[in-house]
Amino acid sequence: MSKPAKKSLKYPFRSVCNIITTLFVMLSFAYIWYNNLNPLQLKSFLMKGNFLVIGIYMFFFLLFMSVFGGFKLGIYTKTNIIISQTIALFCASFMQILFVIMLVGKVGHIPAILLSFLKMYVVQIVFVFFFTMVAMTIYHKFFNPYELLHIYADENDNISKRFMNQHLNYVIKDKVSCFDTMENIISHIDNFDLVMIDDIPTDKREIIQNICYSKEKKVYFVPSITDIINKNSKYSHLLDTPLYFYKSNAMSVFEKIVKRIGDIFISTIGIIITSPIMIAIAAAIFSYDKGPVFYKQTRYTKGGKIFKIIKFRSMIQNAENDGKARLASENDDRITPVGRFIRACRIDELPQFFNILKGDMSIVGPRPERPEIADEYCKQLPEFKYRLYVKAGLTGYAQVYGKYNTTFVDKLKLDMIYVGNASILLDIQLILLTLKVIFQKESTEGLEEGKTIATK
């Protein structure tokens, strides 16, 4: 089979695999509903009621699969897909459990309902694990990755390496400098259907993008801060010439009030639910070196306001006795064994629920940076202060889609996407996606040895 023919079958193959997964999930729920759950009602459903219950479960399943990326087979890695599907199935089952309990209406039936869902969940997880492993193996064996042309300004930039490490579905097949002759650049573009334009000068990028558009090429490009700001603009009809309008903060006053109420509610529930975990972690930290359990550190939040963040201590005592602020590096010898565990699981940040309850932070927002490090970033990139248009957050766009060692420029771009699009729905989506990030080891990777800040 030729390469074009194989490429044209990629989407149908992924679609068939996703349909098979969806059908299995639907049939497994239908089985326990008809045989275990429906009979628990005083009056069992006959036809339409059964379809409604199954339809509600499928709505939850499709919603969470979409949120977590469970249908990105062939695009995400095997591990990423399996984690996404596992969490999506859990969330769908949890929501359906609540619905079925209300539908049945008897407290005495709760154990039977939970047991039925547990059996179903185990069967579903086993199926999606083996099916995904087989489907992904077939996909990568029979389908070639998409070939890209990389147009760069700095050949030493590591975006090619990062791109390839994260996406097995793409391969950088050729490279050309944006400072090369336009004739040579065009000749390279002609040989590819997909072009990736790196962080290059704006005037060069505009010319190259126009060429790609005229030749109907698909393009990935690294946006500038201005691109991200303009992306959130809305078209206006004030004059007979095109005008775009944007504002620095997307949330309305009403949404800000709802967000604050949500912060208070979630942080209070979070403190109550995680208190046993926090007590156990505190005991483990103290027993290791008899040092303080918590540490407080100065951080920036909205408007450049300074506050004291509270975290579990994950490093040795006096980790910065030289007085120099620096981020943790990969295999940092300052991190204790207990600290390495709680950092990997993100539970070193649980005490921040108290910061959120107090109002210094929000559940969702940019990561709170230390003044010394943030000021250093601002010297190199003044736009870094734009992150302070909203409150710092326990989780956020950069925390979900970036890593601990993501460059500060990329973190700023991710945070600016949130600042320009902030909404209650986006907050809910990021909170859900945080569940997935917790299980991804690469999201906690430290800096390279010798580095103190996340630069390029």
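The part I have in mind is the side chain of S423: which backbone nitrogen does it reach, and at what distance?

A: The side chain of S423 reaches the backbone nitrogen of L426, at 3.1 Å. A polar contact is a pair of N or O atoms within 3.5 Å; within protein, one atom must be able to donate a hydrogen and the other to accept it, and residues adjacent in sequence count only if both atoms are side-chain atoms. The model is predicted, so local features need pLDDT of at least 70 and side-chain atom pairs count only at pLDDT 80 or more, whereas totals for chains, interfaces and linings use all residues. Residues are numbered from 1 along each chain as its sequence is written, and side-chain values use heavy atoms, with hydrogens and water left out.

S423 belongs to the loop between α15 (408-421) and α16. Helices (H or I, at least four residues) and strands (E, at least two) are DSSP runs, numbered from the N terminus. With a relative accessible area of 19%, S423 is buried; the term means under 20% relative accessible area, while exposed means over 50% and partly exposed lies in between (1.4 Å probe, protein chains only). When neighbours within four places in sequence are set aside, S423 is in contact with M251 and E255, where contact means heavy atoms within 4.5 Å.

Helix α16 (residues 424-437) contains T434. T434 is likewise buried, at a relative accessible area of 18%. Its side chain makes a polar contact of 2.6 Å with the side chain of T395. Not counting residues up to four places away in sequence, T434 touches T395 and V400.

Two further buried residues are found in other helices. S28 lies in helix α2 (residues 10-37) and has a relative accessible area of 13%, which makes it buried. It touches M120 and Q124, residues up to four places away in sequence not being counted. The C-alpha atoms of S28 and K119 are 9.9 Å apart in space, although the two residues are 91 apart in sequence. G339 is placed in helix α11 (residues 337-344) and is buried at 0% relative accessibility. Between G339 and S314 there are 3.6 Å from C-alpha to C-alpha, and 25 residues in sequence.

Two loop residues provide a contrast in exposure. E216 sits in the loop between α8 (202-214) and β4 (218-221) and is exposed at 73% relative accessibility. K290 occupies the loop between α10 (253-289) and β7 (294-300), and its relative accessibility of 56% also counts as exposed. The phi angle of E216 is near 60°, a positive value in a residue other than glycine; phi of K290 is also positive and near 60°, again in a residue other than glycine.

The aromatic residues come next. Rings of Phe, Tyr and Trp (its six-membered ring) pair if their centres lie within 6.5 Å; planes under 30 degrees apart count as stacked, over 60 as edge-to-face and the rest as tilted. This rule gives 19 aromatic pairs. One of them joins F61 and F71, whose ring centres are 6.2 Å apart and whose planes stand at 90°, so this pair is edge-to-face. Because F61 lies in helix α3 (residues 48-68) and F71 in the loop between α3 and α4 (78-104), the pair ties together parts that are ten residues apart in sequence. F61 is buried at 0% relative accessibility, whereas F71 is partly exposed at a relative accessible area of 24%. Elsewhere, F13, Y139 and F143 form one aromatic cluster. The charged end of K10 sits over the ring of Y146, 3.7 Å from its centre; this description requires NZ of Lys or CZ of Arg within 6 Å of the ring centre and within 35 degrees of the ring normal.

For the chain as a whole, there are 16 helices and ten strands. Of its 456 residues, 44% count as buried. Among contacts between residues at least 6 apart in sequence, 72% join residues at least 24 apart.
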